[in-house]
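The structure comes first, followed by notes grouped by topic.

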Amino acid sequence: METQIQDLEFLKRVNEVNYFFSCLESMYNFFDQKQSKVLKGKLDSPTYKYSDFLVILKSNSFLMLYNLIESTIRSFIQKIYDEITIQNLGYNDIRQELQKIWVNVSYDKLGYTTTNFDQHKKKAIEMIGFVINGEKISLTEKDINLSGNVDYNLIISLFKNHGLDIPTNHGSRVGAGLKEVKTKRNTIAHGNVSFIDSARDSSLLDLKVYKEEIIDYLKSLNSNVEEYISQQNYKYI
(Lines give C-alpha, C1' and ligand atoms only; values in the text may rest on other atoms or scores of the structure.)
Protein backbone atom coordinates (compact mmCIF):
# COMPACT_ATOMS: atom_id res chain seq x y z
CA MET A 1 0.00 0.00 0.00
CA GLU A 2 2.83 2.41 0.87
CA THR A 3 4.53 1.76 -2.48
CA GLN A 4 1.29 2.52 -4.29
CA ILE A 5 0.88 5.78 -2.41
CA GLN A 6 4.41 6.90 -3.24
CA ASP A 7 4.03 5.89 -6.91
CA LEU A 8 0.80 7.87 -7.07
CA GLU A 9 2.62 10.85 -5.59
CA PHE A 10 5.29 10.54 -8.30
CA LEU A 11 2.59 10.35 -10.98
CA LYS A 12 0.88 13.40 -9.49
CA ARG A 13 4.08 15.45 -9.61
CA VAL A 14 4.84 14.31 -13.17
CA ASN A 15 1.33 15.29 -14.25
CA GLU A 16 1.74 18.70 -12.62
CA VAL A 17 4.98 19.31 -14.51
CA ASN A 18 3.50 18.14 -17.80
CA TYR A 19 0.43 20.34 -17.28
CA PHE A 20 2.59 23.39 -16.56
CA PHE A 21 4.70 22.80 -19.68
CA SER A 22 1.59 22.27 -21.79
CA CYS A 23 0.14 25.59 -20.61
CA LEU A 24 3.47 27.36 -21.14
CA GLU A 25 3.72 26.07 -24.70
CA SER A 26 0.10 27.09 -25.36
CA MET A 27 0.88 30.60 -24.18
CA TYR A 28 3.89 30.84 -26.47
CA ASN A 29 1.78 29.66 -29.40
CA PHE A 30 -1.01 32.09 -28.55
CA PHE A 31 1.31 35.10 -28.35
CA ASP A 32 2.54 34.29 -31.85
CA GLN A 33 -0.97 34.96 -33.17
CA LYS A 34 -2.55 38.31 -34.07
CA GLN A 35 -5.47 37.92 -31.66
CA SER A 36 -3.04 38.07 -28.74
CA LYS A 37 -2.49 41.82 -29.24
CA VAL A 38 -5.02 42.86 -26.59
CA LEU A 39 -3.59 40.53 -23.93
CA LYS A 40 -0.05 41.61 -24.79
CA GLY A 41 -1.06 45.18 -24.16
CA LYS A 42 -2.49 44.30 -20.76
CA LEU A 43 0.64 42.45 -19.76
CA ASP A 44 3.02 45.19 -20.90
CA SER A 45 4.07 47.81 -18.34
CA PRO A 46 6.53 50.72 -18.35
CA THR A 47 9.15 48.32 -16.97
CA TYR A 48 8.32 44.91 -18.40
CA LYS A 49 6.87 43.38 -21.55
CA TYR A 50 4.67 40.32 -21.99
CA SER A 51 7.78 38.45 -23.14
CA ASP A 52 9.31 39.02 -19.69
CA PHE A 53 6.31 37.29 -18.14
CA LEU A 54 6.96 34.26 -20.34
CA VAL A 55 10.60 34.20 -19.22
CA ILE A 56 9.47 34.27 -15.58
CA LEU A 57 7.28 31.26 -16.30
CA LYS A 58 10.28 29.48 -17.82
CA SER A 59 12.22 30.13 -14.62
CA ASN A 60 9.38 28.56 -12.65
CA SER A 61 9.70 25.47 -14.81
CA PHE A 62 13.20 24.95 -13.42
CA LEU A 63 11.80 25.09 -9.90
CA MET A 64 9.08 22.57 -10.75
CA LEU A 65 11.53 20.19 -12.42
CA TYR A 66 13.93 20.33 -9.49
CA ASN A 67 11.10 19.73 -7.04
CA LEU A 68 10.14 16.64 -9.05
CA ILE A 69 13.73 15.36 -9.08
CA GLU A 70 14.49 15.81 -5.39
CA SER A 71 11.12 14.58 -4.12
CA THR A 72 11.38 11.46 -6.31
CA ILE A 73 14.93 10.61 -5.22
CA ARG A 74 13.91 11.19 -1.62
CA SER A 75 10.98 8.79 -2.00
CA PHE A 76 13.31 6.10 -3.40
CA ILE A 77 15.45 6.21 -0.28
CA GLN A 78 12.41 6.26 1.98
CA LYS A 79 11.02 3.14 0.27
CA ILE A 80 14.18 1.20 1.10
CA TYR A 81 14.35 2.44 4.68
CA ASP A 82 10.66 1.66 5.17
CA GLU A 83 11.29 -1.97 4.18
CA ILE A 84 14.10 -2.22 6.73
CA THR A 85 11.79 -0.85 9.42
CA ILE A 86 8.78 -2.98 8.44
CA GLN A 87 10.84 -6.17 8.52
CA ASN A 88 12.54 -5.25 11.82
CA LEU A 89 16.00 -5.80 10.40
CA GLY A 90 19.13 -5.41 12.49
CA TYR A 91 22.67 -4.47 11.52
CA ASN A 92 23.66 -8.02 10.58
CA ASP A 93 20.52 -8.41 8.43
CA ILE A 94 21.25 -5.61 5.96
CA ARG A 95 23.76 -5.47 3.12
CA GLN A 96 27.19 -3.98 3.73
CA GLU A 97 26.48 -0.71 1.92
CA LEU A 98 23.53 -0.07 4.23
CA GLN A 99 25.58 -1.10 7.27
CA LYS A 100 28.08 1.59 6.33
CA ILE A 101 25.31 4.17 5.98
CA TRP A 102 23.99 3.29 9.44
CA VAL A 103 27.49 3.58 10.94
CA ASN A 104 28.04 6.98 9.32
CA VAL A 105 24.62 8.28 10.36
CA SER A 106 25.02 7.00 13.93
CA TYR A 107 28.50 8.46 14.29
CA ASP A 108 27.64 11.77 12.67
CA LYS A 109 25.06 12.37 15.41
CA LEU A 110 27.97 13.11 17.70
CA GLY A 111 28.50 16.39 15.93
CA TYR A 112 31.79 18.02 15.08
CA THR A 113 32.25 20.86 17.55
CA THR A 114 31.26 19.54 20.97
CA THR A 115 32.79 16.06 21.03
CA ASN A 116 35.88 14.85 22.84
CA PHE A 117 37.75 11.57 23.04
CA ASP A 118 35.57 10.16 25.84
CA GLN A 119 32.42 10.91 23.89
CA HIS A 120 33.83 9.09 20.88
CA LYS A 121 34.61 6.04 23.02
CA LYS A 122 31.14 6.13 24.54
CA LYS A 123 29.54 6.30 21.12
CA ALA A 124 31.65 3.41 19.83
CA ILE A 125 30.65 1.23 22.80
CA GLU A 126 27.01 2.17 22.28
CA MET A 127 27.14 1.19 18.61
CA ILE A 128 28.91 -2.11 19.36
CA GLY A 129 26.24 -2.93 21.92
CA PHE A 130 23.55 -2.08 19.40
CA VAL A 131 24.96 -4.63 16.96
CA ILE A 132 25.65 -7.37 19.52
CA ASN A 133 22.16 -7.08 21.00
CA GLY A 134 20.56 -7.33 17.56
CA GLU A 135 18.66 -4.07 17.92
CA LYS A 136 16.63 -2.93 14.95
CA ILE A 137 17.91 -0.45 12.39
CA SER A 138 16.07 2.84 12.05
CA LEU A 139 16.90 5.10 9.10
CA THR A 140 14.89 7.83 7.41
CA GLU A 141 15.39 9.84 4.24
CA LYS A 142 16.30 12.77 6.50
CA ASP A 143 19.54 10.93 7.24
CA ILE A 144 20.58 11.62 3.64
CA ASN A 145 21.11 15.31 2.90
CA LEU A 146 19.68 16.10 -0.54
CA SER A 147 18.61 19.71 -0.15
CA GLY A 148 19.45 21.62 -3.31
CA ASN A 149 22.21 19.24 -4.40
CA VAL A 150 20.57 16.55 -6.52
CA ASP A 151 22.20 16.09 -9.90
CA TYR A 152 23.44 13.18 -12.00
CA ASN A 153 26.62 12.62 -9.96
CA LEU A 154 24.78 12.66 -6.64
CA ILE A 155 22.17 10.19 -7.91
CA ILE A 156 24.89 7.81 -9.14
CA SER A 157 26.72 8.07 -5.81
CA LEU A 158 23.51 7.60 -3.83
CA PHE A 159 22.53 4.50 -5.77
CA LYS A 160 26.01 2.96 -5.47
CA ASN A 161 26.07 3.66 -1.73
CA HIS A 162 22.82 1.72 -1.34
CA GLY A 163 23.86 -1.18 -3.58
CA LEU A 164 21.35 -0.20 -6.25
CA ASP A 165 21.83 -0.86 -9.96
CA ILE A 166 22.20 2.22 -12.13
CA PRO A 167 20.47 2.52 -15.53
CA THR A 168 23.01 2.19 -18.34
CA ASN A 169 20.89 3.65 -21.15
CA HIS A 170 21.20 7.24 -19.93
CA GLY A 171 24.30 9.36 -20.04
CA SER A 172 25.65 12.82 -20.73
CA ARG A 173 22.41 14.31 -22.07
CA VAL A 174 20.32 13.61 -19.00
CA GLY A 175 23.34 14.49 -16.86
CA ALA A 176 23.58 17.90 -18.51
CA GLY A 177 19.87 18.45 -17.99
CA LEU A 178 20.00 17.50 -14.31
CA LYS A 179 22.98 19.80 -13.77
CA GLU A 180 21.30 22.70 -15.54
CA VAL A 181 18.08 22.29 -13.57
CA LYS A 182 19.95 22.09 -10.25
CA THR A 183 22.09 25.14 -11.07
CA LYS A 184 19.18 27.26 -12.25
CA ARG A 185 17.02 26.24 -9.30
CA ASN A 186 19.73 27.16 -6.81
CA THR A 187 20.51 30.54 -8.36
CA ILE A 188 16.80 31.42 -8.30
CA ALA A 189 16.09 29.98 -4.84
CA HIS A 190 19.10 31.69 -3.27
CA GLY A 191 18.30 35.02 -4.90
CA ASN A 192 21.56 35.17 -6.87
CA VAL A 193 19.74 36.17 -10.05
CA SER A 194 16.25 37.38 -10.90
CA PHE A 195 13.63 35.13 -12.46
CA ILE A 196 13.96 37.02 -15.74
CA ASP A 197 17.75 36.89 -15.92
CA SER A 198 17.88 33.22 -14.95
CA ALA A 199 15.86 31.88 -17.88
CA ARG A 200 16.35 34.60 -20.49
CA ASP A 201 18.73 32.44 -22.54
CA SER A 202 16.84 29.17 -22.02
CA SER A 203 14.64 28.18 -24.94
CA LEU A 204 11.31 26.46 -24.49
CA LEU A 205 12.59 23.63 -26.68
CA ASP A 206 15.58 23.09 -24.39
CA LEU A 207 13.31 22.99 -21.37
CA LYS A 208 11.01 20.45 -23.00
CA VAL A 209 13.99 18.22 -23.81
CA TYR A 210 15.22 18.46 -20.21
CA LYS A 211 11.76 17.57 -18.95
CA GLU A 212 11.29 14.51 -21.14
CA GLU A 213 14.77 13.14 -20.49
CA ILE A 214 14.57 13.71 -16.74
CA ILE A 215 11.14 12.10 -16.39
CA ASP A 216 12.28 9.12 -18.47
CA TYR A 217 15.39 8.79 -16.30
CA LEU A 218 13.40 8.95 -13.07
CA LYS A 219 11.11 6.20 -14.36
CA SER A 220 14.16 4.02 -15.06
CA LEU A 221 15.49 4.68 -11.58
CA ASN A 222 12.10 3.82 -10.13
CA SER A 223 12.11 0.46 -11.93
CA ASN A 224 15.51 -0.35 -10.45
CA VAL A 225 14.35 0.58 -6.95
CA GLU A 226 11.21 -1.53 -7.29
CA GLU A 227 13.29 -4.53 -8.41
CA TYR A 228 15.76 -3.96 -5.57
CA ILE A 229 12.92 -4.02 -3.05
CA SER A 230 10.98 -6.93 -4.60
CA GLN A 231 14.14 -9.07 -4.58
CA GLN A 232 15.00 -7.89 -1.05
CA ASN A 233 18.44 -6.76 -2.16
CA TYR A 234 18.66 -4.57 0.92
CA LYS A 235 19.36 -7.71 2.95
CA TYR A 236 22.84 -9.03 3.75
CA ILE A 237 24.45 -10.84 0.84
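Helix 5 (residues 117–132) has 16 residues and spans 23 Å from its first C-alpha to its last, close to the 22 Å expected at 1.5 Å a residue. The expected span is 1.5 Å times one less than the number of residues. This is a predicted model, in which local features need pLDDT of at least 70 and side-chain atom pairs count only at pLDDT 80 or more, while totals for chains, interfaces and linings use all residues. Residues are numbered from 1 along each chain as its sequence is written, and side-chain values use heavy atoms, with hydrogens and water left out. Helices are DSSP runs (H or I, at least four residues), numbered from the N terminus.

**Helix 5**

- Lys123, Met127 and Phe130 are the buried residues of helix 5; buried means under 20% relative accessible area and exposed over 50%, with partly exposed in between (1.4 Å probe, protein chains only).
- Seen down the axis of helix 5, these buried residues fall within an arc of 55 degrees, so they line one face of the helix; the arc is that of the directions from the helix axis to the C-beta atoms.
- On the other side of helix 5, the exposed residues are Phe117, Asp118, Lys122, Ile125, Ile128 and Ile132.
- Helix 4 (96–108) is included in what covers the buried residues of helix 5, where contact means heavy atoms within 4.5 Å.

**Helix 3**

- Helix 3 (residues 50–86) contains 37 residues and reaches 53 Å between its first and last C-alpha, close to the 54 Å expected at 1.5 Å a residue.
- Because 26 of its 37 residues are buried, helix 3 is largely enclosed by the rest of the structure.

**Largest nonpolar core**

- The largest nonpolar core has 57 residues, of which Ile73, Tyr81 and Ile84 touch the most other members; such a core is a set of buried Ala, Val, Leu, Ile, Met, Phe, Trp, Tyr and Cys residues joined through side-chain atoms within 4.5 Å.
- The largest share of this core, 14 residues, comes from helix 3.
- Leaving out residues up to four places away in sequence, Ile73 touches Leu146, Val150, Ile155, Leu158, Leu218 and Leu221.

**Ser198**

- Ser198 lies in helix 8 (residues 195–199) and counts as buried because its relative accessibility is 4%.
- Not counting residues up to four places away in sequence, Ser198 touches Ser59, Lys184, Thr187, Ile188 and Val193.

Definitions and conventions. Helix = DSSP H or I, 4+ residues; strand = E, 2+ residues; numbered from the N terminus.
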